Amino acid sequence: MRDPIAALRDRTTPWTRHPGPRYLRHVLRGQAQVDFLPSAVTGAVFSVALFAAGWAYGLYGLLGTAVGTATAHLLGVDRERVTAGLEGFNACLVAVGSAVFLGADHLSTALLAVGGSVVVTVVTAATARVLNTWRLPTLTLPFCLVATALTTAAPGFARVWHQAVSPAALPRPVGPPTALTFTDLWHGLFADVAQIFFMPQWYVGALFLAGIFVANRTAGTMAVVGSVTGIATAWALGAPAARIASGAAGYNAVLVAMALCGVFLPSGRRTAAYAVAGAATATALTPALAALTAPSGGHTFTWPFVLTTLVFLAAAPAFPALRKAGEPAAAAGPEQEERPGGPALADGH
């Protein structure tokens, strides 16, 4: 959601005036843009949540977002994109993902996080040019591409891989479904939000969710709806209770629900139902992508969210009932190419 006053200030204040605080705002907005919210306050809450999970994760999140934002600025990316945080969120995820999957306490991981944050800026520009042909946003596709390449290649380099064995494994069917306890349910509700940043702790998810509500109630409500949908779908399909409680089964549903109701499509009853359908689809798709990536040692990351959302957004212009009267479909205009936000989130994503 773009704050009109802040946007006006960004356009009228010289870039060189008070560069430190301005740059920090851009970095914090980049962190918040992981959940479609260009709010520096929300970004600060997100940073606190990452530090609550572990000081290293908080540092990696800030490092990646700062490097991605600086790289975009140095390469001359459109200033409004940089100030809105649109060049920082993929870099944030690359850096935090590197810390989680490669080990945060290694110099090689820090160097890869920095390098990946630079490269993902280039990948963002490339994917935006391709997807703009169909008027579709890049979402976290640049992150998925870079993170998949990093984590899949890492076991092949002794100075990068610091674990005893490769994570590659053949997919196996799960056992019979286990009963969900009330604790599993409420842990999963918050952990679904935390797992967007690869964190399984419910209290970290509670902080993230609070940050979302601070920025926009519609976004917070849809995050909750997406989490509930993910839990219900995973339970109905017989997912292990441990995966539901840790958020691993439902985090993609949170992002899909937010994207399809209030960000790229206007909020309303029909788009809410459309978002719920998308969230359930992403939840069902998650094990499929996990099985596809397992033999190479890869991870699902946010691939289910990206693929599901792109399909549902590509289909949306064919459904006139999904847009407000007299308003074009949200995915149909060039201004929607990235994440500045759908019309329903107060001009922000």
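**Entry 1: the whole chain**

I began with the surface. The protein chain has an accessible surface of about 14,500 Å², and 69% of that belongs to carbon and sulfur atoms. Accessible areas come from the Shrake-Rupley method with a 1.4 Å probe, and for residues only the protein chains shown count as cover.

I noted what I am looking at. This is a predicted model, in which local features need pLDDT of at least 70 and side-chain atom pairs count only at pLDDT 80 or more, while totals for chains, interfaces and linings use all residues. Residues are numbered from 1 along each chain as its sequence is written, and side-chain values use heavy atoms, with hydrogens and water left out.

I looked up the secondary structure next: 15 helices and 0 strands. Helices (H or I, at least four residues) and strands (E, at least two) are DSSP runs, numbered from the N terminus.

Of the 349 residues, 54% count as buried. Buried means under 20% relative accessible area, exposed over 50%, and partly exposed in between (1.4 Å probe, protein chains only).

I checked contacts too, meaning heavy atoms within 4.5 Å. Among those between residues at least 6 apart in sequence, 71% join residues at least 24 apart.

**Entry 2: helix 4 and helix 7**

Helix 4 (residues 55-74) packs against helix 7 (residues 107-131) at an angle of about 35°, and their axes are 8 Å apart. Axes are lines fitted to C-alpha atoms, for helices over the stretch in contact, and angles run from 0 to 180 degrees between N-to-C directions.

I listed who meets whom. From helix 4 come Y60, L63, G64, V67, G68, T71 and A72; from helix 7 come T109, A110, A113, V114, S117, V118 and T121.

**Entry 3: Q31**

I moved to Q31, in helix 2 (residues 19-32). Is Q31 buried or exposed? Q31 is buried, at a relative accessible area of 0%. Leaving aside neighbours within four places in sequence, its contacts include G43, F46, L62, C92 and F197.

**Entry 4: helix 15 and F312**

I finished at helix 15 (residues 303-315), which has 13 residues. Its buried residues include W303, P304, F305 and L313. Helix 8 (141-153), helix 13 (251-263) and helix 14 (269-293) are among what covers the buried residues of helix 15.

F312 sits in helix 15. At 15% relative accessibility, F312 counts as buried. Which residues does F312 touch, not counting those up to four places away in sequence? I found L260, Y274, A277, G278 and T281. F312 and V256 are 56 residues apart in sequence, yet 9.4 Å apart in space, C-alpha to C-alpha.

Conventions. Expected span 1.5 Å × (residues − 1).
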